[in-house]
Amino acid sequence: MQYWRTEILRLLTVLAVAALIGWLAGNVPLTLFAGVAAYLGLNYWQLWRLRRWLRGNPSATQTEPPESFGLWGEVFDGIYQLGRQEQKSRDFLESIIRKAQESSSALEIAVTMIDRRGSLEWWNQAAARLLGFQYPRDQGHPVTNLVRDPRFAQYFHEADYSEPLKLPAPGDGSRTLEFEIALFGERERLMIVRDVTRLHRMELMREDFVGNVSHELGTPITVIKGYLETIMEHVHELDGKWRKPLGQMLQQSARMENIVRDLLMLTALETKAVKRQQKPFRLAPLIREVESDTAQIYRNRGHSYRAECEKGIQIVGDRAELYSALSNLAQNAAKYTPDGGEIRIEAAFIEDGKAFEIRVTDNGIGIETQHLSRLTERFYRVDVSRSSETGGTGLGLAIVKHILLRHDADLRIESESGKGSTFVCRFPAERIRGGEPRVIPQAPFPDQPPQINVH
Ligand code: ADP
């Protein structure tokens with residue numbers, strides 16, 4: 001404000017001096033005109049200096065502004081200060097970007113930024129090493145043209161990045177890479193790639209080891225169990241004191257046989273290609289088969305069974321695997337439900353028709369909430385002694401989970417101690433052919449029971 005006042009005062013002084021000279025010389029309009037022209041000329045000269053300074057100095061920081069006074073001095077200084085502030089923030093941002101680039105180039109993990117059109121924007125040195133990206137040749141090229149595996153293209157376009165993708169490294173099939181993608185901004189993607197060759201090899205070795213050990217143990221256990229069965233048939237010929245130990249040996253060898261069988265099954269599930277045997281088949285007969293087989297195995301327990309599934313429904317999957325999963329659940333229901341209990345196997349679309357559920361419900365002993373999230377871990381048992389009594393291996397639910405995974409399904413467990421349990425297998429609706437959306441009646445709990453999703 002002060003500069004404005006000075007500037008107006010300066011103009012008034014020029015006009016007053018011009019008017020005085022004009023009055024003395026006898027031609028006021030001429031001297032007034034000359035005064036205004038001189039004032040304007042002075043301002044144009046300042047504008048010209050400003051333009052000249054900015055032209056040779058676009059960021060207004062390289063050279064000091066021209067010396068000036070009054071309002072023009074303030075304009076020059078103001079532009080200079082703004083330029084310096086902007087330069088400071090630019091330097092700060094550049095130093096952050098430089099640090100990010102330097103630190104990311106020191107990483108063993110490949111980091112790649114992909115724009116909304118799916119083209120490469122930026123990548124670090126590890127990405128160049130692991131994926132062969134070359135700068136500037138590949139910048140702006142679609143990532144699916146550079147990582148040419150069709151599984152990658154499918155993963156990239158499906159945009160479900162909840163699970164990472166493992167693939168052989170491009171150009172070096174002996175190495176395994178793990179791809180993870182995160183969406184950010186406006187459908188831009190950050191792709192992280194790790195070399196997991198060592199881990200993958202160890203995983204394969206573990207699977208092989210478990211598979212081989214189980215396989216090798218199979219024959220000796222069968223032989224031992226066979227002899228024990230034969231001995232038990234003639235147990236009356238032996239001294240009475242042998243009866244109990246022999247009985248226990250037979251029971252334990254049967255358990256060992258079950259463990260080996262379940263471990264072999266798990267190994268097969270882990271190594272067999274998914275979807276090889278998957279095709280549509282009728283679900284109702286499978287559910288009836290599971291029901292009648294379980295009822296037959298536990299015939300002396302006095303349970304009542306109910307199976308419900310619409311006749312026309314077909315499910316796309318591996319029948320033998322789904323039989324195994326459902327009979328595991330149904331046999332658990334029978335095992336962990338006191339005599340005379342009720343077991344239901346029901347299948348139907350859930351309310352909105354978006355998914356399809358098969359539920360196995362019992363009104364047995366139930367499971368305490370703290371165990372629910374760990375039930376599908378291998379060898380996890382709520383009560384080891386009770387489970388051993390029932391011949392359990394602690395592998396049944398791990399098998400169920402694996403089978404469901406291979407069918408894009410997940411397992412939800414609802415249970416309350418002392419009231420019963422419901423094991424819900426939820427399939428995506430695309431796996432189901434035929435049938436009308438229908439709601440499954442309520443589980444046997446009056447209130448919402450504790451539940452857990454197992455992935
Ligand atoms: P197991 O062979 O010991 O039955 P599973 O993996 O099938 O092993 O089950 C793990 C544990 O979950 C069991 O030991 C049991 O304690 C519990 N469980 C499974 N199903 C039921 C059920 N329907 N009711 C109560 N507990 C159950």
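Predicted model: local features only at pLDDT ≥ 70, side-chain atom pairs only at ≥ 80, totals over all residues.

My entries below follow that order.

**Domains.** I looked up how the chain is divided and found four domains: domain 1 covers 2-101, domain 2 covers 107-195, domain 3 covers 199-271 and domain 4 covers 280-454. I also checked domain 1 against domain 2, and their centres, taken over C-alpha atoms, are 54 Å apart.

**Five-stranded sheet.** What is the strand order in the open sheet of five? I read it as β2-β1-β5-β4-β3, with antiparallel pairing. The edges are β2 (120-123) and β3; each has a single partner strand, so one side of each is left without a neighbour in the sheet.

**Strand pairs around β4.** I went through the two partners of β4 in turn. With β3 (residues 165-169), β4 (residues 172-184) runs antiparallel, and five bridges join the two. In that pair I marked P168, which stands opposite T176 of β4. The β3-β4 hairpin has two residues between its strands, and G171 there takes a positive phi near 80°.

**Three-stranded sheet.** I then moved to an open sheet of three strands, in the order β6-β8-β13, with antiparallel pairing. Which strands sit at its edges? They are β6 (279-282) and β13 (432-433), each pairing on one side only. I looked up the β6 pairing with β8 (residues 314-317) and got four bridges, with the strands running antiparallel. P280 stands opposite V316 in β8. I also noted helix α9 (residues 283-297), which lies across β6 and β8 and runs at about 65° to β6.

**Helix pair α8/α13.** How do α8 and α13 lie relative to each other? I took the axes of α8 (residues 243-271) and α13 (residues 396-405): they come within 10 Å and cross at roughly 20°. Angles under 35 degrees count as roughly parallel, and α8 and α13 are therefore roughly parallel to each other. The crossing of α8 past α13 is left-handed. I listed who makes the contact: D262, M265, L266, L269 and E270 from α8, and G396, A398, I399, H402 and I403 from α13. Sorted by class, this contact has six nonpolar, two polar and two charged residues.

Where does the cis proline sit? I found the cis peptide bond running from Y135 to P136, with omega near 0°. P136 lies in the loop between α4 (125-131) and α5 (143-146). I also stopped at A159, which has a positive phi of about 60° although this residue is not a glycine. I placed A159 in the loop between α6 (150-158) and β3.

Conventions: Residues numbered from 1 in each chain as written. Heavy atoms only, no water. Axes fitted to C-alpha atoms, helices over the stretch in contact; angles between N-to-C directions. Parallel < 35°, antiparallel > 145°, perpendicular 65-115°, else oblique. Left-handed = near helix turned anticlockwise from the far one by under 90°. Contact = heavy atoms within 4.5 Å. Nonpolar A, V, L, I, M, F, W, Y, C, P; charged D, E, K, R; others polar. Pairing = 2+ DSSP bridges. Domains from an automatic or database assignment.
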